[in-house]
Amino acid sequence: MKFSLSWLKDYLDTNASVEEISNTLTKIGLEVEEVIDNASALQGFIVGEIKSVEKHPNADKLNLLSVWTGKEALQIVCGAPNCRVGMKSVLALPGVMIPKYGEKLEKGVIRGIESCGMMCAEDELCLGSDHTGIIDLKTDAQAGTPFVDVLKPDIVFDVNVTPNRGDCFGVNGIARDLAAAGLGTLKKTDAAPVEGSFDSPISVTTQTSDCPLFTIRYIKGVRNGESPDWLKKKLVSVGLRPISALVDITNYFNIGEDHPLHVFDADKLTGNLTVRSAKDGEMLDALDEKVYTLRENMVVVADEKGPQSIAGIMGGTPTGVDENTVNVVLEAAYFNPMSIATTARQLNAESDSKMRFERGVDIATTIQANHNATQMILDLCGGQASKMVVAGSVSQEKRIIDFDFNRVQKLTGMEIAHEKMVEILTILGFGVNGSQITVPSWRMNDIFGSADLVEEIARIYGYDNLPTLFMRASEPITGILLPDQRKEVAVRRALADAGLCQAITWSFMDSRLAKLFNSKGIKITNPIASDLDEMRPSLVPNLLSAVARNTSRGTPDCQIFEVGPEFFGSKPEQQHTVACAVRSGQTGPRAWNETPREVDLFDAKADAYAALASVDAPVQSLQVYRNAPSWYHPGRSGTLCLGKTVLANFGEIHPAVLKAFDIKGKVVACEVFLDNLPPTKTKNKNKALHISSLMPLTRDFAFIMDKQTEVAKLVNAIRGVDKELIADVRLFDVYEGDKCPAGKKSVALEIVIQPKDKTLIDEEIESLSRRIIGIAGKVVGAELRS
Amino acid sequence: MDNIENLTSEILGQIEKALDLNTLEEIRVSALGKKGRLTEQMKTLGSMDPEERKTAGQALNVAKDKIAGAIDEKKIALEKAEMDKRLASETVDVSMPVRPKQQGRIHPVSQVMEEVLTIFAQMGFDLAEGPDIEDDWHCFEALNFPKNHPARQMQATFFMGEDNVLRTHTSPVQIRTMENKKPPIRIVAPGRTYRCDYDMTHTPMFHQIEGLVIDKSTNMGHLKGCLLEFMKKFFETDDVSLRFRPSFFPFTEPSAECDVGCSRENGEFKIESGKGWIELLGCGMVHPNVLKNCGLDPDEYQGFAFGCGLDRFAMLKYGIPDLRSFFDADMRWMKHYGFLPLDIPTVTSGLSFNAGVKK
């Protein structure tokens, strides 16, 4: 909301400085976004009078001016077509900052002729958009007078009005708040009621509850010329373009008093007006040069031919006023905010009027607004006013809040004198009768109960006066995270410790790519981009996109993880928390002391184990299955399961998937499903550790077995041979080359034997070896390699 | 006797000149071995008369000890010289790099989230969470946003069909908490939030943290004290000033925006008082309608709520310029702005590594 200082002073009697006003506005909740002071930017510009105009000898379109500064005549080169002798314009001398360019003017040589200054156009001073010629100052001021003394620019405040404060979309509302804050007194500006001398030839009825009050006035014999300077200047100061006196008057009350008005050219209307619901498919050729197709829920103002305006939002072109308008119908009405908001959203229509009606204007002063605007039309355009025609009525509803003034202290901690609180409410327009507080008509959309009154008093009294009360835990803190919350923290740290960088990527993705990841089709109705239109069914795709991006930026070797949600439905809580890690390219850079290799699925499997171990999952009891989902390489992937529950997927990403992401090299990934982890053990205690004083010994075995048989089966079988003695079984070589029989592989194991009570004798070791070989043969058909 | 002295000095001379351990061993054998020259001399003692034997024996023992001592000494010296020579030959160019190791990193948002939790834990707050997809009730209705109210337009909402939305703020967690727990309540709720907005300073997904305190007496003074302590601890400076400005949120009444004092000199942002303000968060006393919607009597219970952008806190504290880069997963960015895995903020070790350093 923009308003100028002089406009404010129409409603507020104040001596406060611009700085005081600005600071106070922000303090009471009308945050000042900008104070625009054109005067300071225009310091240094002076009035210059053109004494002679000659053609530039070297350029057809340039003139050579002699400009009188009050002290001397300067030679200035100027291209403006409107230069003439005797004209006064705005002169910039070398060294002056030109607002449009943000640069200081320098003496220049233009086409071989020295130019000692510049005559300015409106746009160069940021006073408007006109660049057709230099400013023609129709002024009596002498050459040399500072330009700001001629222009007398206004200070403009731009405040951010919160949606609850519809009343502050009028300068009078802002003035009232400032008066309550002690910055002056509110002026009475209402015109005396205009009785009118004849009955309006046009009547109006309202047929919808969305328009409880609709008033019109017929004014005949007006002249709709240009507005007077004071009015044009006010509108220009807040960025509005003056159009004609009638239109400017409606804009004046819109901004000045938060009363959107409308004027119809009475001679373009057919018959009487009706405020009614639109019929489906009715059209309106509107003033914003768009044609709107209306629907049944929308309110229109119609004459006998059809809709002539979208009520409260936009007038129609066919009945608009112009310079030939003689008879005019003025409309001052009230529309239901919800109806206005809905209609405007459906039509995608914006207007200053809509912006105010949808926040709620003051229905109680609508009739007075009609009087005020009528009086100004009579003053500026002449003519004769009819009696006012009123359809509907002002609701007599009053809201009275039974208010316990102690609530202010209870909710804010501020001790404020009772008289002060009463004073604040009174100036804001509340009726105060003991504890009975009557809400003013212009705050009916905002003030409903005690808490609202507490805010009114507190904000005007000032939040700077809030006490500072410290909060501490009532007892020492030993940890606030629940087990599930702790798991996320631990997994993040563990994966970072495994050399991966944590990323945070969008929760949504491209639905076309989601198809590759068991997409559940969880679409966003209004996505921000067509490639961010579905909730991700897995964390893998966004990390693959990250790999592709990094690769294109010259980093093909990625180690990235994310911990976050994946979605399986579009309802609340249809999401799982997953940790996902991807690695691509080589395991590291080339180095003199280490040879990198291509990443493989065992890197991903290691990441899965690292994540699971960090959250105390039973990693020793996990089974490995070959049932990873379709985005993994079918032969190079697996799952880690506890019973039937999948705790993690791991493996190489399927080459067809990589192709869809335009990734050339190999990528491996793991997904760890944190929600699937078994509950954390309640006991902290470990089993007692018995350390044997006897030396462990190792024996190597090489078995020949079927290629298809999983090594884990063999290892697990051997572990089971003697759980007391066999401390570890380590796979240290696998060979599938020519020296193996077809379809077979050679598997080399180092078995660690840990005697418990006594040193083993040779026969005992022999016996254990025989059992190991026996089990290997029995369980997986492995034979000892000869 | 002259004989022994001459012999001794001759052998000592040889020892002195020995260049390696082998030569030294030869000298030892030739002097003290079974057939060594001194050993031979010892053998002549038996043929001497007692007086003479005593004198000669003593002299021989002295000579033996002297020589053995010299050999030991020389041996140590030669061994050292030999090792020095070997070590010199083993010299490596220590300027060469170590084996490459992939250094993982923690994202600044996660780091800052842990920092924030560490601070609020000490003020007695628990951690609460809620889903990313929310229903209209939790995201708007219960928070006192009437349907079609212009306040909803402040929030560019992503819709998930007719009934659900991607939460536009973490405030729904307030509702979920109050629906499930009786006061007193003190929670903070961090998480992902979504708005249909994408430009220099907005991303369609970002992070917020919500705070909620409900009991029978907590007022705006406590809100001020709580936020002041939080800012001091988070920004790790005592020079913090806060400014509360009246504002509007449907779910708080009275409502406020909280600004913190800061300076921006030579492009460097710093939290300090008296040089300007930056808007940090929105807050207020929980609206009576919100309490009622959660089954709490507003005449009995009251409290405050606040919500702020975690990404922004990370940007301000750690000087990270571009919000959009937070979600780009650029390896170079993560390695530069990320935190080491064991740089864990705790009550005992503090928040950031340079926290204890005098500025």
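The legends below describe several close-up views of a predicted model.

**View 1. The two domains of chain B.** Chain B is divided into domain 1, which covers residues 2–84, and domain 2, which covers residues 108–330. Between the C-alpha centres of domain 1 of chain B and domain 2 of chain B there is a separation of 91 Å.

**View 2. The side of chain B that touches chain A.** In this predicted model, 70 residues of chain B are in contact with 79 residues of chain A. Several elements of chain B give two or more residues to this side, among them the helices α5 (108–122), α8 (220–235) and α11 (331–337), and also the strands β7 (242–246) and β8 (252–265). The largest share, 8 residues, comes from α8(B).

View 3. Helix α5(B) has 15 residues and reaches 22 Å from its first C-alpha to its last, which is close to the 21 Å expected at 1.5 Å a residue. Of the 15 residues of α5(B), 13 are buried, and the helix is therefore largely enclosed by the rest of the structure. Just after α5(B) comes Gly124(B), whose phi is positive, at about 85°.

**View 4. Nonpolar cores.** The largest nonpolar core has 245 residues, and those with the most contacts inside it are Leu495(A), Ala579(A) and Val672(A). If residues up to four places away in sequence are not counted, Val672(A) touches Val491(A), Val578(A), Ala579(A), Ala608(A), Ala611(A), Leu612(A), Leu647(A) and Ala648(A). There is also a second, separate core of 26 residues, which includes Cys78(A), Met119(A), Phe147(A) and Val150(A).

**View 5. An open sheet in chain A.** In chain A, 7 strands form an open sheet with mixed pairing, and their order is β30-β33-β34-β38-β37-β36-β35. The strands β30 (501–502) and β35 (623–625) of chain A stand at the edges, where each has a single partner strand, so one side of each is left without a neighbour in the sheet.

**View 6. The pairing of β34 and β38 in chain A.** Strands of a sheet pair through backbone hydrogen bonds, and the pairing may be either parallel or antiparallel. Strand β34 of chain A (residues 575–584) and strand β38 of chain A (residues 667–673) run antiparallel and are joined by 7 bridges. Ala581(A) stands opposite Cys670(A), a residue in β38(A).

How values were computed:
Residues numbered from 1 in each chain as written. Chains lettered and ligands numbered in written order. Predicted model: local features only at pLDDT ≥ 70, side-chain atom pairs only at ≥ 80, totals over all residues. Domains from an automatic or database assignment. Contact = placed C-beta atoms within 7 Å. Helix = DSSP H or I, 4+ residues; strand = E, 2+ residues; numbered from the N terminus. Expected span 1.5 Å × (residues − 1). Buried ≥ 20, exposed ≤ 12 C-beta atoms within 10 Å, placed from the backbone. Core = buried A, V, L, I, M, F, W, Y, C linked by C-beta atoms within 7 Å. Pairing = 2+ DSSP bridges.
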